[in-house]
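Please keep the 3D view open as you read.

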Amino acid sequence: RARRQLREPDLRRQPPGEGSAEEVSPLTPQSWVRDYIQAQRNHFPYLEDAAETLAGALGDPLTIAEPLRRRLKEGFGVEARIVPPDLLDGASQHYDLHRKRLMLSSLLRSESRTFGLAYQLALAEFAPLLDKMVAEAAPPDEGVRQLLHMSLANYAAGAIMMPYGRFLASAEQYRYSIDRLTGEYGANVEQVAH
């Protein structure tokens, strides 16, 4: 609604910050991306299929961290390292583009490290698909574009760790037991619940 109101040509508002009584702030990048993902019903079949195919090639979800690390190194020349947190300046992970090095904090639990590896691999493996999906979504500016790209890569990382077909079968078999699913997929509660 705010975006539509800003586009109306007959509105005579002062620029924000100049005390206009009718100021309308545009949507935030977070709300734009959230609304877009909800409009898609949080389902991106092409990305899901690509992630499921990749996951099948990597093997058992419980032991997927090492195949992820190996595929990053052999397929893309990216070396993954676990480093002390003080090297990351408070971040949980950092990718050094020039050295092709993914650094993961030693404070991360194993399932979060696995997700970090899956995220970096999704960025590399699915770059053309992610770029196409973002372009088709037509975000209004660069900040929204970057956030949507990151959100879709996160989606792909989750789909690599927990391929939907296999995950759904497990969920039904275990009667949606979060504990059983976290154990089966080497994921944390938040990842499984999402």
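Which residue is the bridge partner of A80 in β3? The partner is L102. Bear in mind that this is a predicted model.

**The sheet**

That bridge belongs to the parallel pairing of β1 with β3, which spans five bridges. On β3 there is also an antiparallel pairing with β2, joined by four bridges, and here Q93 has L104 as its partner in β3. The two pairings look like this:

| Strand pair | Sense | Bridges | Example of bridge partners |
|---|---|---|---|
| β1 and β3 | parallel | five | A80 and L102 |
| β2 and β3 | antiparallel | four | Q93 and L104 |

Together, the three strands make an open, mixed sheet in the order β1-β3-β2. Its edges are β1 (79-83) and β2, each of which pairs on one side only. From one strand to the next, the twist averages 20°. Helix α5 (residues 110-125) packs on this sheet and touches β1, β2 and β3, with its direction at about 155° to that of β3.

The hairpin formed by β2 and β3 has four residues between the strands, and K100 in the turn shows a positive phi of about 55°.

**A helix pair**

Now to α3 (residues 45-58) and α7 (residues 142-161), which pack with their axes 8 Å apart at an angle of about 40°. The two helices are therefore oblique to each other, and their crossing is right-handed. From α3, L47, E48, A51, L54, A55 and L58 meet L152, Y155, A156, A159 and I160 of α7. Of the residues in this contact, 10 are nonpolar, one is charged and none is polar.

Note on methods
Residues numbered from 1 in each chain as written. Predicted model: local features only at pLDDT ≥ 70, side-chain atom pairs only at ≥ 80, totals over all residues. Heavy atoms only, no water. Axes fitted to C-alpha atoms, helices over the stretch in contact; angles between N-to-C directions. Parallel < 35°, antiparallel > 145°, perpendicular 65-115°, else oblique. Left-handed = near helix turned anticlockwise from the far one by under 90°. Contact = heavy atoms within 4.5 Å. Nonpolar A, V, L, I, M, F, W, Y, C, P; charged D, E, K, R; others polar. Pairing = 2+ DSSP bridges.
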